[in-house]
Amino acid sequence: MSGPLNGPLSGEAEAGSTLPDGVQARPLPPETWAAREIAALKRATKRSVATASGIGVIVGLASAILTTLFVILPNLKPSTTNLVAISNVVVEPNVTFGQYLQHPSTAIALRARGISIDDIRRRSQVLLGDGGVAVDFKFEVRGYGGATLQTRWTLFDGDTGDRLGESEQLDPLPLTFVARKNEADIGTWEVWVRTFDQQRKSYFIRLEMYDVTAGTRLTYQDSTKFSPSP
């Protein structure tokens with residue numbers, strides 16, 4: 001069939017089709033071009049938003065998984081807790097030095113250190129009948145693995161606060177140990193404090209723990225006040 005085409009060209013034919021010889025392409029009205037460009041831009045924008053949303057969901061999900069792991073398995077985090085505490089300080093009055101040496105926990109600790117109770121008795125014969133108090137306490141250490149720790153005590157006048165004696169003067173069994181765990185070293189100990197020759201109405205005892213390696217005091221705890229031995 002010959003002759004000019006009647007009616008407008010389709011978008012596809014105008015854009016890229018080859019027209020028969022003698023047929024002239026009719027340009028699309030400007031508003032038709034604008035509508036096509038706006039539609040194409042909207043489609044591209046939707047694809048970009050969908051892609052960005054998908055990435056955001058993936059990143060958010062990964063963050064949630066990591067957070068959950070740290071909550072459920074806290075050991076994945078490096079330990080940042082350093083704690084040294086003395087607690088449960090209990091004073092047992094009217095305990096002689098000889099009685100202190102006979103206590104099972106004291107005897108076991110001395111044997112573990114290769115110290116003979118008989119040798120201590122011989123060296124401290126004049127003190128065996130002396131009166132004093134036994135002080136029990138609990139300790140907890142966290143985050144000091146490898147450090148050498150030591151306890152000491154000071155005897156105070158309960159009324160005036162005067163210092164009356166130091167553990168270096170008489171402590172056959174000071175607590176000295178190397179912290180073996182980064183998370184927790186927990187234990188109990190007992191010390192004996194001589195009080196019989198102090199003409200005082202009341203006393204209290206301050207227990208301290210030191211980092212021997214660093215030469216620093218880490219913590220201390222005072223006992224309640226107590227009356228002197230009769």
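Asn-94 is found in strand 1; strands here are DSSP runs of E with at least two residues, helices are runs of H or I with at least four, and both are numbered from the N terminus. The residue has a positive phi of about 55°, although it is not a glycine. At 45% relative accessibility, Asn-94 counts as partly exposed. That class sits between buried (under 20% relative accessible area) and exposed (over 50%), with a 1.4 Å probe and protein chains only.

Asn-88 also belongs to strand 1, which covers residues 83-96. Its phi is near 55°, again a positive value in a residue other than glycine. Asn-88 is exposed, at a relative accessible area of 54%.

## Model and conventions

This is a predicted model: local features need pLDDT of at least 70, side-chain atom pairs count only at pLDDT 80 or more, and totals for chains, interfaces and linings use all residues. Residues are numbered from 1 along each chain as its sequence is written, and side-chain values use heavy atoms, leaving out hydrogens and water.

## Overall make-up

The protein has five helices and eight strands. From the N terminus, the order of elements is α-α-β-α-α-α-β-β-β-β-β-β-β.

Of its 230 residues, 32% count as buried. The protein exposes about 14,800 Å², and carbon and sulfur atoms supply 56% of that area. Accessible areas come from the Shrake-Rupley method with a 1.4 Å probe; for residues, only the protein chains shown count as cover. Contact means heavy atoms within 4.5 Å. Among contacts with a separation of 6 or more, 72% are between residues 24 or more positions apart.

## The largest nonpolar core

A nonpolar core is a set of buried Ala, Val, Leu, Ile, Met, Phe, Trp, Tyr and Cys residues joined through side-chain atoms within 4.5 Å. The largest one has 40 residues, and Val-135, Phe-137, Ile-205 and Leu-207 have the most contacts inside it. Elements that each supply at least two residues of this core include helix 3 (97-102), helix 5 (117-123), strand 3 (148-157) and strand 7 (203-211). Strand 2 gives the most, with six residues. In soluble globular proteins, nonpolar side chains tend to be buried together.

## Strand 2 against strand 6

Strand 2 and strand 6 pair in the antiparallel sense over ten bridges; pairing requires that DSSP finds at least two bridges between two strands. Ala-134 stands opposite Trp-192 in strand 6. Seven of the ten residues of strand 6 are buried, so this strand is largely enclosed by the rest of the structure.

## Two buried sites

Ser-202 is placed in the loop between strand 6 and strand 7. This serine is buried, at a relative accessible area of 11%. Its side chain makes a polar contact of 3.5 Å with that of Asp-159. A polar contact is a pair of N or O atoms within 3.5 Å; within protein, one must be able to donate a hydrogen and the other to accept it, and residues adjacent in sequence count only if both atoms are side-chain atoms. Leaving out residues up to four places away, Ser-202 touches several others, including Phe-156, Gly-158, Lys-225 and Pro-228.

Ala-107 lies in helix 4 (residues 104-112). It is buried, with a relative accessible area of 10%. Beyond four places in sequence, Ala-107 touches Leu-101 and Ile-117.
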